[in-house]
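Please open the model in your viewer and keep the sequence panel beside it.

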Amino acid sequence: MLHHTVTTTEIKVINGTILAQDNDLGTEYDLFYWANFVPHFVDGNFLIIGETGFDKEYEKSKFFFEYEEESDTVFITNYRIAICNPEEFSRFDLRIQFKTPRADDLIVIPWIRFPRTKDGVSVPQLIERVFGRIPKVMMFL
């Protein structure tokens, strides 16, 4: 005899806008974002799945993060690196960690680029908007 248990899982959904003048990497467009916090039942972490961009049909990129609630750590695997100014860097510097230490002394920040453009969004800024705060660690794998 088979027994099935059905439960309802609440998925937190976040959405918002980063105004053009507030974008750390500078762009002429307001950026939308949305994210779903999906609980991962095996290890107790959250999978954060979403999109960001300035055009909801073409100029957008998907993102995926894993969040470990116990250590307040976000793990990011898909990103690019952009050179930034020291003010932008200093805001997140103590929270950003790279799995492989950087061999150069450039001031860089991870970012997500939008297709067919040279525009993008800083990953730490996007994470700050999605979480409503800056997590303890942002680990870039």
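A residue is called buried here when its relative accessible area is under 20%, exposed when that value is over 50%, and partly exposed in between, using a 1.4 Å probe and protein chains only. By that rule, buried residues make up 40% of the 141 residues in the chain. What you see is a predicted model, in which local features need pLDDT of at least 70 and side-chain atom pairs count only at pLDDT 80 or more, while totals for chains, interfaces and linings use all residues. Residues are numbered from 1 along each chain as its sequence is written, and side-chain values use heavy atoms, with hydrogens and water left out.

**The whole chain**

Begin with a cartoon view of the chain, where two helices and ten strands can be found; helices (H or I, at least four residues) and strands (E, at least two) are DSSP runs, numbered from the N terminus. Following the sequence, you will pass the elements in the pattern β-β-β-β-β-β-α-β-β-β-α-β. The C-alpha trace spans about 65 × 35 × 25 Å along its principal axes.

**The nonpolar core**

Next, select I48, F65 and V130, which touch the most other members of the largest nonpolar core, a group of 26 residues. Such a core is a set of buried Ala, Val, Leu, Ile, Met, Phe, Trp, Tyr and Cys residues joined through side-chain atoms within 4.5 Å. Among the elements that give two or more residues to this core are β1 (12–18), β2 (31–39), β4 (60–68) and α2 (123–131). Which element gives the largest share of this core? That share, five residues, comes from α2. Now centre the view on V130, which, when residues up to four places away in sequence are not counted, touches I14, Y33, A35, F37, I48 and F63, a contact being heavy atoms within 4.5 Å.

**A sheet of three strands**

Move on to β6, β8 and β9, which form an open sheet in the order β6-β8-β9 with antiparallel pairing; two strands pair if DSSP finds at least two bridges between them. Because β6 (80–83) and β9 (120–122) stand at the edges with a single partner strand each, one side of each is left without a neighbour in the sheet. Four bridges join β6 to β8, and if you select A82 you can look for its bridge partner in β8, which is I109.

Is Q125 buried or exposed? Select Q125 in helix α2 and you will find that this residue is buried, with a relative accessible area of 2%. Leaving aside neighbours within four places in sequence, Q125 is in contact with I18, D22, N23, D24 and F92.

Finish at R91, in helix α1 (residues 86–92), which counts as partly exposed at 38% relative accessibility. Again leaving aside neighbours within four places in sequence, R91 is in contact with D24, E128 and I134. The side chains of R91 and D24 are joined by a polar contact of 3.2 Å, that is, a pair of N or O atoms within 3.5 Å of which, within protein, one must be able to donate a hydrogen and the other to accept it, and residues adjacent in sequence count only if both atoms are side-chain atoms.
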